[in-house]
Amino acid sequence: MFDNNKNRRQLTLAALLVLGSFHASAWADAYEDAAKKWIGSEFKPSTLTPEQQLEELKWFIKASEPFRGMKINVVSETIATHEYESKVLAKAFSEITGIKLTHDLLQEGDVVEKLQTQMQSDKNIYDGWVNDSDLIGTHFRYGKTESITDLMANEGKDYTSPTLDLKDFIGISFTTAPDGKVYQLPDQQFANLYWFRADWFDRPDLKAKFKEKYGYELGVPVNWSAYEDIAKFFSEDVKEIDGKRVYGHMDYGKKDPSLGWRFTDAWFSMAGGGDKGLPNGLPVDEWGIRVEDCHPVGSSVTRGGDTNGPAAVYATQKYVDWMRAYAPPEAQGMTFSESGPVPSQGNIAQQIFWYTAFTADMTKPGLPVMNADGTPKWRMAPSPKGPYWEEGMKLGYQDAGSWTFLKSTPEKQRLAAWLYAQFVTSKTVSLKKTIVGLTPIRESDINSQAMTDLAPKLGGLVEFYRSPARVQWTPTGTNVPDYPRLAQLWWSHIAEAASGDKTPQEALDGLARDQDKILERLERSKAQATCAPKLNPERDAQYWFDQPGAPKPKLANEKPKGETVSYSELLKSWEAARN
């Protein structure tokens, strides 16, 4: 009797093992079938062949086994690229891996606020975050963020894709801290560039009229003097084109948090504020914050900073003057989001500060700025340089939304979110994502045939990202020790200059003073684990003007002769530099 029962139990166990093996194989086949479906229907074009894509996704299927059935929540700001991730790629990831992934979309300010809350409370809110690499100085100082370098070497070693290829990411230097570690993985990026109506600039009558008045060719402005001349020309001399009032400049000036981005997103660097150095000036960056041995020591000129120095004052004065004289009257009362669509309405000749994130919206069929054949009437080009700018300095801003993981997130959830971050940046999906959102992150995607084919319809985006000039556009760097606290100071102070309540010098004196107060509080609190602020004592401003580099003394002539270049010659110079 005992032997018969034993035999029955052995047969039942064997049957269960066979059945379990069958189910495991069936599930594996289901995940692979899902991968094949997505490769065939959505993940094209790609720089990988379909066979290579399947091999990459097979790794994700295998690596996800310990996390199947888990619910993972990640978050990012709301832009087209992240909408694609949230609506399409999150679903694909869940089907291919068995991990239940939810990708939330919030306004940028809300993302930063929730991130701060988790950092301060150590209570997990999201398992993964896409937040701007502008916070790199915050992340590496507080000790709350898991460095990608450590993650890949330790607990995430078995969950790091062999095809990740960090060297292929064009923004990896933006997310690398002074300790040499990578703290964030770039997910999307876009620059602020010069935008202009190429069709108007090419008109023989306008070219002749401009040259007669200013003595040089109407073209892409190389310096701020030329930008100002062109703004004045279209606003005061041309005035109307095809019966429509036109303006030589566009901006926004409403007292609103977005006014701060207008300046922290490197307005001073375009004028020549700060020191030489890429991705950011050292020892003084484009915010005007000086660091010594990685410790922030001051913002005010009296502490060796440049937030209220002559270059910053010049930049702020030009912002105020140009908006009042050459932009549509309503610009003064607009926010960032309200002003963004205005150039697409067809009455703006140029904009010195234009985010390439608007490319998709600016290329919609039927817009006044689009040709019937689907090509744009406009182009983008490098921003003109202010009189304080020197070779070797950054020239503009580049937003790099990047995957960030906090130590307060439970390890298993963090690793599952790490798989998703790698998936949405993988070569299997990254080229299609670039085409959808036009925010490229990989060198291989930028140089693909698909982007070559698209280039004529994107107004210079592809040419810019393939050009050697690209490296001069960078995010906020590591000199800024607490981005959320310091960034919120800017809009209220700049608004005082925009409204005329204070002069630019007075407004920036207040900004520099308040930044130094926060640096002082951070120093006293000892909250930052490394490279915390150590304020310099105040000295006479002339002492610092007499030292090399920033802060630079006021120039005797802040308006040298205007200089322009033809767009075709600009593209030729880029191509020559690449070869």
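**Exercise 1. Identify the residues that line the largest cavity, and describe the lining.**

*Solution.* Step 1: the lining of the largest cavity consists of M250, D251, Y252, R262, F336, S339, G340, Q351, I352, F353, Y355 and F358. On a 1 Å grid over the protein atoms alone, a cavity is a set of points where a 1.4 Å probe fits but cannot get out; a pocket is an open set with protein on both sides within 12 Å along at least five of seven lines; lining residues have an atom within 4 Å of a point.

The structure is a predicted model, in which local features need pLDDT of at least 70, side-chain atom pairs count only at pLDDT 80 or more, and totals for chains, interfaces and linings use all residues. Residues are numbered from 1 along each chain as its sequence is written, and side-chain values use heavy atoms, with hydrogens and water left out.

Step 1: α13 and β10 (350–355) are the elements that give two or more residues to the lining of the largest cavity, and β10 supplies the largest share, four residues. Helices (H or I, at least four residues) and strands (E, at least two) are DSSP runs, numbered from the N terminus.

Step 2: by class, this lining of the largest cavity has seven nonpolar, three polar and two charged residues. Ala, Val, Leu, Ile, Met, Phe, Trp, Tyr, Cys and Pro count as nonpolar, Asp, Glu, Lys and Arg as charged, and the others, Gly among them, as polar.

Step 3: the space in the largest cavity is about 80 Å³. A volume is the space filled by probe spheres set on the grid points, which are joined across faces, edges and corners.

**Exercise 2. Determine which element gives the largest share of the lining of the second largest pocket.**

*Solution.* Step 1: the second largest pocket holds about 390 Å³ of space. Among the 14 residues of its lining, G109, V112, W261, P484 and Q488 are the closest to the centre of the second largest pocket.

Step 1: α4, α10 (257–264) and α20 (483–499) each give two or more residues to the lining of the second largest pocket. The largest share, six residues, comes from α20.

**Exercise 3. Decide whether D165 and A266 are buried, partly exposed or exposed.**

*Solution.* Step 1: buried means under 20% relative accessible area, exposed over 50%, and partly exposed in between (1.4 Å probe, protein chains only).

Step 1: D165 has 33% relative accessibility and therefore counts as partly exposed. A266 has 1% relative accessibility and therefore counts as buried.

Step 2: the backbone may also be examined. Most residues other than glycine have a negative phi, and most peptide bonds are trans. D165 has a positive phi of about 60°, and A266 has a positive phi of about 75°.
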